[in-house]
Amino acid sequence: MSEEANPRDGDFELVTLRNGSRAVRHLGHGEVMHPSVGPWKEALGLYVEQPRLGERLSQEGPPLVIHDVGLGAATNAVAALTCARELGVARRRTLEVISFEVDLAPLRLALADAAGFPFLQPFRQAAEALMRDGVWEEDGLRWRLHLGDAVPFLDGALPVADLVYFDPFSPASNPDMWTEGVLARVRRHCREDGEGALLLTYSAATPTRVTLLLAGFFVGAGASTGTKGETTVASTRREALASPLGTRWLERWTRSSSRAPHGATLTPDVEARVLAHPQWR
């Protein structure tokens with residue numbers, strides 16, 4: 001494609017997927033955000049429909065908090081905000097989205113391509129306010145941005161999360177975000193009471209699931225998307241998982257060539273911790 005067809009901003013450019021959807025690609029490692037079915041379809045399937053967000057917001061309760069780890073072009077955050085806004089008078093709870101991001105170039109690119117990212121346009125002013133002021137609010141909706149390395153924010157005080165959208169670039173491209181240390185920090189801010197919290201991510205890799213187990217989550221299979229047969233859902237409560245990993249997965253893990261967690265080696269201690277996890281009781 002020509003330079004005109006692929007606008008660029010810093011380390012990112014817009015590209016057109018085979019199905020015609022527009023998406024954002026990193027110029028360095030080449031990874032595309034939401035590469036298979038397109039941004040909006042993936043966001044709705046994995047991050048809105050799978051956790052039954054509309055149903056949760058239709059029930060009386062305190063504010064529902066989403067930690068949106070990897071804002072990117074804001075597709076996941078806007079999918080959640082769209083769900084909440086479209087409920088209208090049926091919504092019974094405030095929705096608070098807290099987004100973490102190091103680079104706003106993908107969002108700037110997506111907002112500039114109204115035809116390619118039409119789903120962002122109803123929240124254009126919200127996104128512009130978020131980038132300018134770090135916060136946007138309307139009746140019953142609140143969107144905040146933590147700009148920069150996520151780890152210092154995860155070491156600080158945050159509202160307790162009901163849902164975590166864990167959507168950074170892949171472990172191959174962004175290895176520092178997938179370690180046990182980072183996921184344990186994410187876990188510390190998750191709800192323990194009630195039905196607990198869910199973490200949703202596109203990765204179904206064995207090292208991802210091992211790392212989530214070591215970080216203190218219960219782990220299960222998530223919905224499929226595009227070419228992925230399944231994704232991953234983790235939770236602070238095992239009973240909240242529709243398809244928790246069981247002993248069959250554990251047996252396969254013991255024979256796998258990818259048994260180590262992200263960013264670490266498989267030591268006897270790590271193996272013992274996985275085997276002793278309450279997931280298998």
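Buried means under 20% relative accessible area, exposed over 50%, and partly exposed in between, with a 1.4 Å probe and protein chains only. This is a predicted model: local features need pLDDT of at least 70, side-chain atom pairs count only at pLDDT 80 or more, and totals for chains, interfaces and linings use all residues. Residues are numbered from 1 along each chain as its sequence is written, and side-chain values use heavy atoms, with hydrogens and water left out.

**View 1. Helix α5 covers residues 124-133.** Helices here are DSSP runs (H or I, at least four residues) and strands are too (E, at least two), numbered from the N terminus. Ala-126, Ala-127, Ala-129 and Leu-130 are the buried residues of α5. They fall within an arc of 160° seen down the axis, so they line one face of the helix. The arc is that of the directions from the helix axis to the C-beta atoms. On the other side, Gln-125 and Arg-132 are exposed. The cover over the buried residues includes α4 (105-112), β6 (135-138) and β7 (141-147); contact means heavy atoms within 4.5 Å.

**View 2. Gly-134 follows α5.** The phi of Gly-134 is positive, near 85°.

**View 3. Helix α3 (residues 75-87) is largely enclosed by the rest of the structure, because 10 of its 13 residues are buried.** Among them are Val-78, Leu-81 and Cys-83. Gly-88 comes after α3, and its phi is positive, near 60°.

**View 4. Helix α1 (residues 39-49) meets α3.** Residues of α1 in this contact include Trp-40, Leu-44 and Tyr-47. Their partners in α3 include Val-78, Ala-79 and Cys-83.

Notes: Axes are lines fitted to C-alpha atoms, for helices over the stretch in contact, and angles run from 0 to 180 degrees between N-to-C directions.
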